[in-house]
Amino acid sequence: MINTEEKLQVLNKISSDTLMEHLGILYTEIGEDYLVAEMPVTSKHYQPMRILHGGATLALAESVGSALSVIHIDMDRFEVKGMEINANHIRSVKKGTLRAKAKFIHKGRTSHIVEINICNEQDKLISICRLTNVVLKKQL
């Protein structure tokens, strides 16, 4: 049985050479029903007004929300695909590190609905997101 530290190492390893690595997203904590990832905010994450781009926020949310589903399925038999994501952006950010915590709202056999709260270093809510994942049987 793989422990939580090994799961974090696997998640971070499979993220190399992907958007997650480019944005600096790092998985940091696993609980029984949640997953946490962090992302620094630098000029690489800005939109033209020199604040955090909403797309970077959504990339963080989808990364942690999808990974939460992945670690709760039999990956030999099933795969996870994102179906829909939405967000409400509450505060703007110019610097620091964001913490995204994904928790299940619904964990069904064929679909997962995940809520992702993204907070700044002062634990103030930056964005709240909802992600719907479909769980599909792998084709042999």
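Two strands count as paired if DSSP finds at least two bridges between them. The model is predicted.

**Hairpin.** I looked up S4 and S5 and found a hairpin with 3 residues between the two strands. They run antiparallel and are joined by 8 bridges. I checked one of the pairs: Lys107 has His112 in S5 as its bridge partner.

**S4 and S2.** I then asked in which sense S2 and S4 pair. The pairing is antiparallel, over 8 bridges. Here I noted Glu38, whose bridge partner in S4 is Arg99. So S4 has paired strands in both S2 and S5, by the two-bridge rule.

**Element order.** I counted through the chain and have 3 helices and 6 strands. Read from the N terminus, the order is α-α-β-β-α-β-β-β-β.

**Core.** Next I went to the largest nonpolar core, which holds 31 residues. I listed the members that touch the most others: Tyr27, Leu35, Met39, Leu60, Leu98, Ile116 and Ile118. Elements giving two or more residues to this core include helices H1 (4-14), H2 (19-23) and H3 (54-70), and strands S1 (26-30), S2 (34-41), S4 (96-107), S5 (111-119) and S6 (125-137). Which element gives the most? I find H3, with 7 residues.

**Annotation.** The UniProt record, an unreviewed entry, carries "domain: Thioesterase" over residues 51-126. I computed the makeup of that stretch: 22% helix and 46% strand. Its end C-alpha atoms are 12 Å apart.

**Whole chain.** I compared the radius of gyration with the globule rule: a compact globule of 140 residues would have a value near 14 Å, and the chain has 15 Å, so the two agree. Along the principal axes, the C-alpha atoms fill a box of roughly 45 × 25 × 25 Å. I get 37% of the 140 residues as buried. The accessible surface comes to about 8400 Å², and 50% of that belongs to carbon and sulfur atoms. Last, I took contacts between residues at least 6 apart in sequence; 58% of these join residues at least 24 apart.

Notes: Residues numbered from 1 in each chain as written. Predicted model: local features only at pLDDT ≥ 70, side-chain atom pairs only at ≥ 80, totals over all residues. Heavy atoms only, no water. Core = buried A, V, L, I, M, F, W, Y, C linked by side-chain atoms within 4.5 Å. Buried < 20%, exposed > 50% of the residue type's maximum accessible area, 1.4 Å probe, protein only. Helix = DSSP H or I, 4+ residues; strand = E, 2+ residues; numbered from the N terminus. UniProt positions renumbered as here; feature names shortened; annotations may be inferred. Rg over C-alpha atoms; globule rule 2.2 N^0.38 Å. Contact = heavy atoms within 4.5 Å. Areas by Shrake-Rupley, 256 points an atom, 1.4 Å probe, with all protein chains shown as cover.
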